[in-house]
Amino acid sequence: MIELPLGFTAHVANMGVKDDSQDVMIVASHEPASVAAVFTKSRFSGPSVTLSREHVADGSAQAVVVISKNANVATGAQGAANAAEVADLVAAAVGCAATEVVVGSTGVIGVQYPMERIRAHLGAVRGPFSGRSAEDVATAMMTTDTHRKVAEARAGGTRVVGMAKGVGMIEPDMATMIAVITTDAEITPGDLDACFRRVVDVTFNALSVDSDTSTSDMAVLLASGAAGRVDPEEFEAALGQVCLDLTRQLAADGEGAETLIVVRVQGARDTAQAKLIAKSIVNSPLVKTAVHGRDPNWGRVAMAVGKCSDQTDIDPDRVVIRFGALEVYPTPASPSALAELEEYLARDEVLIGVDLGIADGSFTVYGCDLTDGYVRINADYTT
């Protein structure tokens, strides 16, 4: 079992939001903790996102609650009132102010919370909690995930433990689906926020399953300070390790996915251009289906680069495309090499590399193949 860091405990249960699986988790700090968070930029973001943005503005929080199986999005004034009541109920359970509660919600859009069930359960909950399992917390956040997603790392005498959920409607425009990161390191809110945003930019913001940005995306980082101070560089490295691990887990578990696709673009004008091209490749349905079909069709990668037509400094004569370590353009692969590539594409993880030959900008993104399983899951999501 991966335990939460010092200073944190958890409550996990079923409230009957949709079925009999665990659908609520509360992670609480013994004392107010430093907090950093990033949220979806969607114009249809839910009231939980709006409320939580306000609650983390002062850099302090004591609890995070996540309700799964219901997104509480597009639910109007009633949905906003319900999100506020959830914060009030959790605050009473933890023994803190409602403004110290971060509320997350994930699941079906456009359906009101079953407040009678939620009210009955949360109204009876009282801390301090006894739960310490990060796996249990991650399980309670799941919707169509096939397994829980947890990662941990150490920085000096402190620990970083992260939990995440999400396998569809994923191309974050800030952070990701829902991720809750906890640490017992002592860090000021300002330093925590700056560090977290740097890490998010190269991990969660480098993820795409289907190019769709969720209405409920949230990534929150709580620092209890219970284990004392930590070297800032060591902490950022540990945080980056946890967030990258979770990013890779999320990509590999994309709805219906069988293959983790890693796209690494280098030789770009700058980081922004490299990210743009890498996302174009990983989001291409044709590239995704080629990987799924074990078809080393590098022409689809060339297409994904070329359709970024406003990038006028890209010259096809300077571009190099690779599958794994094998160059396929401009030097064509031999028939025997293409046969080896078919075997390579059958692996659990595939690397597509592109060198634009312009300068030294680079970026790596993470995604997955596109299968008939994705269609089946999403065709029947609400039924």
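A polar contact is a pair of N or O atoms within 3.5 Å; within protein, one must be able to donate a hydrogen and the other to accept it, and residues adjacent in sequence count only if both atoms are side-chain atoms. The model is predicted: local features need pLDDT of at least 70, side-chain atom pairs count only at pLDDT 80 or more, and totals for chains, interfaces and linings use all residues. Residues are numbered from 1 along each chain as its sequence is written, and side-chain values use heavy atoms, with hydrogens and water left out.

**View 1. Thr 183 in strand S7.** Thr 183 belongs to strand S7 (residues 178–183). Helices (H or I, at least four residues) and strands (E, at least two) are DSSP runs, numbered from the N terminus. The side chain of Thr 183 reaches the backbone nitrogen of Ala 185 at 3.1 Å. Thr 183 has a relative accessible area of 0%, so it is buried (under 20% relative accessible area; exposed is over 50%, partly exposed in between; 1.4 Å probe, protein chains only). Contact means heavy atoms within 4.5 Å.

**View 2. Gly 59 in a loop.** Gly 59 sits between helix H1 (47–55) and strand S3 (60–70). Gly 59 counts as buried because its relative accessibility is 9%. Leaving aside neighbours within four places in sequence, Gly 59 is in contact with Ala 33, Ser 34, Val 35 and Pro 189. Asp 348 is 289 residues from Gly 59 in sequence and 40 Å from Gly 59 in space, C-alpha to C-alpha.

**View 3. Strand S2 and its partners.** Of the 16 residues in strand S2 (residues 24–39), 13 are buried. Two strands pair if DSSP finds at least two bridges between them. Strand S1 (residues 8–13) runs antiparallel to S2, joined by six bridges. Here Ala 13 has Val 24 as its bridge partner. S3 is also antiparallel to S2, with seven bridges. Met 25 stands opposite Val 66 in S3. Strand S8 (residues 218–223) pairs with S2 in the antiparallel sense over six bridges. Val 38 faces Ala 219 there.

**View 4. The five-stranded sheet.** This open sheet has the order S11-S10-S12-S9-S13, with mixed pairing. Strand S11 (326–329) and strand S13 (361–368) stand at the edges, each with a single partner strand, so one side of each lacks a neighbour in the sheet. Neighbouring strands are turned by 20° against each other on average, direction ignored. Axes are lines fitted to C-alpha atoms, for helices over the stretch in contact, and angles run from 0 to 180 degrees between N-to-C directions. Strand S9 (residues 260–268) and strand S12 (residues 349–355) are parallel, over seven bridges. Leu 260 stands opposite Glu 349 in S12. Helix H7 (residues 271–282) packs on the sheet, touching S9, S12 and S13, at about 25° to S13. Helix H9 (residues 298–306) lies across strand S10 (320–323), S11 and S12, at about 135° to S10.

**View 5. The nonpolar cores.** A nonpolar core is a set of buried Ala, Val, Leu, Ile, Met, Phe, Trp, Tyr and Cys residues joined through side-chain atoms within 4.5 Å. The largest has 70 residues; Phe 196, Leu 239, Ile 281 and Ile 352 touch the most other members. Helix H6 (residues 232–252) gives the largest share, eight residues. A second, separate core of 29 residues includes Leu 4, Val 35, Phe 39 and Met 141.
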